[in-house]
Amino acid sequence: MSKQKYGVGVDLGTMNIVSARKGSKGVDIRRIRDAFLDLDLSAKKMLKLSGVDFIERENEILLVGDVALETANVFGKEARRPLSQGLISAGEIDAIEVLGILVRHVLGDPKFENEVCYFSVPAAPVDDASRDVIYHAGVFERIISECGYDAVASNEAMAIIFSNCAKEGFSGLSISFGAGMCNIALAVNTIEGLVFSVARGGDWIDAGSAKATGSTVSKITAIKEGGVDLLNPKTREEEALAVYYKSLINYCLSHVSKEFRKIQGKFSLPKPIPLVISGGTSKAGGFVEFFKQVFEKQKKRFPFEISEIRQATDPLNAVAQGLLIQAMQEYEED
């Protein structure tokens, strides 16, 4: 096996944890839902009968990943999330232990001691100074190191430029529409000009839509994930989703303009660059066309020229793939 096949990337998202590694037939992707559920020991027999994997602790059974969400419905409980609003959940006392289990599940063992693993970290949000990105990055560095890897933190939105802007010489503006945050990066020829996040995302859309329609967040999330068409909303809930999606896009674009003006004299763009959209929240039906319509109204006021607006080739895995590219560069021969 060539040296270039070493290295792994792992995207630590609020909804999913995804790893990417070079395999014999392309890139191998592993994904697990970022959720867990604790049950009484009395559920053990039922779980054994169903063949579900679980972790047995002193006084309880712990389910992690997709099965936690599925089982939560059976028992009429809410699955818990170790990450909230893009960062480690401060209110979840079991969060760090569970995250260790989830990360180990998608990473597996290193191919050799201290194999390089690039992991995603959000940029500090410009609109919420209370969110502690430093602690978040430090905890994941420890977890990944304990799995036997050399852990290297890397910006989430920059990873999208690495995985989707090769033909432009790794120049572009990327917006990662996540569940907890939206991460934004601007780069020219791999040189980072601007990275930041805003403290709004898919969860903010769901909460706002639920409040506006007198519905529940879980119902709104189900409608959104069930195939809402932002260009043609048919119900009151879908209309609310479209309104909040529009607000989020405008919010991101206005912050790009604001942040770019702060560096305008220090960072020049020699030619128009692509705008690449990614993230689970961008998977809603008609999102790219919807985004283009919103952008068109801001285009004249936008501080630099965009060559095209396109969705990442693989929106759910784009960050992990970009991190993999960076990790593999560690093994390139000079």
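This is a predicted model: local features need pLDDT of at least 70, side-chain atom pairs count only at pLDDT 80 or more; totals for chains, interfaces and linings use all residues.
Setting aside neighbours within four places in sequence, Leu275 is in contact with Leu173, Ile175, Leu253, Phe291, Ile306, Glu308, Ile309 and Arg310. Leu275 also turns up among the residues with the most contacts inside the largest nonpolar core, alongside Leu173, Phe177, Phe291, Phe304 and Ile306.

**Nonpolar cores**
- The largest core has 40 residues.
- Strands E11 (172-177), E12 (182-188), E13 (191-198), E14 (273-278) and E15 (306-311) each put in at least two residues, and so do helices H6 (202-213), H8 (236-263) and H9 (287-296).
- H8 gives the most to this core, with 11 residues.
- There's a second, separate core of 28 residues, and Ile88, Ala95, Leu102 and Leu107 are among them.

**Where H7 meets H8**
- The axes of H7 (residues 217-225) and H8 come within 10 Å and cross at roughly 80°.
- On the H7 side, the contact is made by Lys219, Ile220, Ile223 and Lys224, while H8 brings Glu237, Glu238, Leu241 and Tyr245.
- Sorted by class, this contact has 4 nonpolar and 4 charged residues, with no polar ones.

**The E2-E3 hairpin**
- E2 (residues 16-23) and E3 (residues 26-33) pair in the antiparallel sense, over 8 bridges.
- The hairpin gets from E2 to E3 through 2 residues.
- Looking across the pair, Val18 stands opposite Arg31 in E3.

Note on methods:
Residues are numbered from 1 along each chain as its sequence is written. Side-chain values use heavy atoms; hydrogens and water are left out. A nonpolar core is a set of buried Ala, Val, Leu, Ile, Met, Phe, Trp, Tyr and Cys residues joined through side-chain atoms within 4.5 Å. Buried means under 20% relative accessible area, exposed over 50%, partly exposed in between (1.4 Å probe, protein chains only). Helices (H or I, at least four residues) and strands (E, at least two) are DSSP runs, numbered from the N terminus. Contact means heavy atoms within 4.5 Å. Axes are lines fitted to C-alpha atoms, for helices over the stretch in contact, and angles run from 0 to 180 degrees between N-to-C directions. Ala, Val, Leu, Ile, Met, Phe, Trp, Tyr, Cys and Pro count as nonpolar, Asp, Glu, Lys and Arg as charged, and the others, Gly among them, as polar. Two strands pair if DSSP finds at least two bridges between them.
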